[in-house]
Amino acid sequence: MGKELQVNIAVNLAQVRERIGEACARSGRPPEAITLVAVTKTRPIGQILQAYECGLRDFGENRVEELEEKRPLLDNAWSADPPRWHMIGHVQSRKAERAVAVSDVVHSVDSLRLAARLERFAAQAGRILPVLLELNVSGEASKYGFAAWDAETLAAFETEIEPLATHEHLRVCGLMTMAPIVADMEQTRPIFRRLREIRDRLRERCSWSGWEELSMGMTDDYPVAIEEGATIIRIGRAIFGPADY
Ligand SMILES: *Cc1c(COP(=O)(O)O)cnc(C)c1O
């Protein structure tokens with residue numbers, strides 16, 4: 001309880017917005033080009049309401065169960081101007097139906113099997129679901145995502161995703177990745193740059209999608225991600241304070 005009261009979300013958010021502005025200025029990009037997703041996993045409803053009051057309209061959760069619990073509580077409060085809920089964590093294929101029901105966007109499509117299940121349930125719901133493909137560009141074994149850490153895996157990925165072009169109820173908007181945890185955020189730059197280069201390549205070769213979005217950058221590395229072309233950043237701790245995820 002005490003901890004919840006200590007967090008000044010308005011102050012934290014002002015700092016994040018300032019750093020977004022600075023990173024945009026350094027890279028000649030307009031701040032409106034960046035969508036800030038506030039990552040609310042493990043955070044209490046009271047803090048999420050505060051974030052909404054500060055003007056945030058994009059929220060991210062990494063577990064279907066947690067989003068199922070929170071969303072109904074918040075939807076009532078916000079029916080006039082609802083935010084968008086982003087599913088940013090790994091979704092097991094068997095939870096695809098539930099993920100479609102609670103998510104406005106899914107960032108973490110990491111297999112064709114999951115994509116096919118999302119397609120099926122989006123079709124049943126009469127919706128077109130925006131999704132991003134999660135890529136593992138660092139090669140870390142602990143990471144989810146399509147393998148894309150060298151020329152060989154990238155070529156295989158491009159062939160593998162061809163069937164997605166036929167999924168009429170999914171709108172593939174772009175790519176997502178998670179950088180490794182490092183001591184100096186500068187070390188994440190090659191990872192973000194690589195995701196952008198892959199996106200640029202897909203734009204030329206896989207014209208069935210616009211590939212407009214790059215979801216990359218978290219609390220420890222978002223200024224670098226913005227410099228490398230992020231269009232969506234996913235921020236938890238810088239807004240809501242430290243957490244043990
Ligand atoms: C938790 C989480 C974030 C936010 O992390 P912070 O370091 O708190 O900003 C971003 N993306 C994903 C996929 C997450 O699980």
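Strand S4, which spans residues 105-109, is mostly covered in this predicted model, with 5 of its 5 residues buried, where buried denotes under 20% relative accessible area, exposed over 50% and partly exposed the range in between, for a 1.4 Å probe and protein chains only. Strand S3 (residues 84-87) runs parallel to S4 and is joined to S4 by 2 bridges, and two strands are taken to pair if DSSP finds at least two bridges between them. Within this pairing, His86 has Val105 of S4 as its bridge partner.

The protein as a whole contains 10 helices and 9 strands, these being DSSP runs numbered from the N terminus, with helices (H or I) of at least four residues and strands (E) of at least two. The radius of gyration is 18 Å, close to the 18 Å that the globule rule gives for 245 residues, so the protein is as compact as a globular protein of that length; the radius is taken over C-alpha atoms, and the rule is 2.2 Å times the number of residues to the power 0.38. Along the principal axes, the C-alpha atoms fill a box of roughly 50 × 45 × 30 Å. Of the 245 residues, 49% count as buried.

Among contacts (heavy atoms within 4.5 Å) between residues at least 6 apart in sequence, 64% join residues at least 24 apart.

Residues are numbered from 1 along each chain as its sequence is written, and side-chain values use heavy atoms, leaving out hydrogens and water. As the model is predicted, local features need pLDDT of at least 70 and side-chain atom pairs count only at pLDDT 80 or more, whereas totals for chains, interfaces and linings use all residues.
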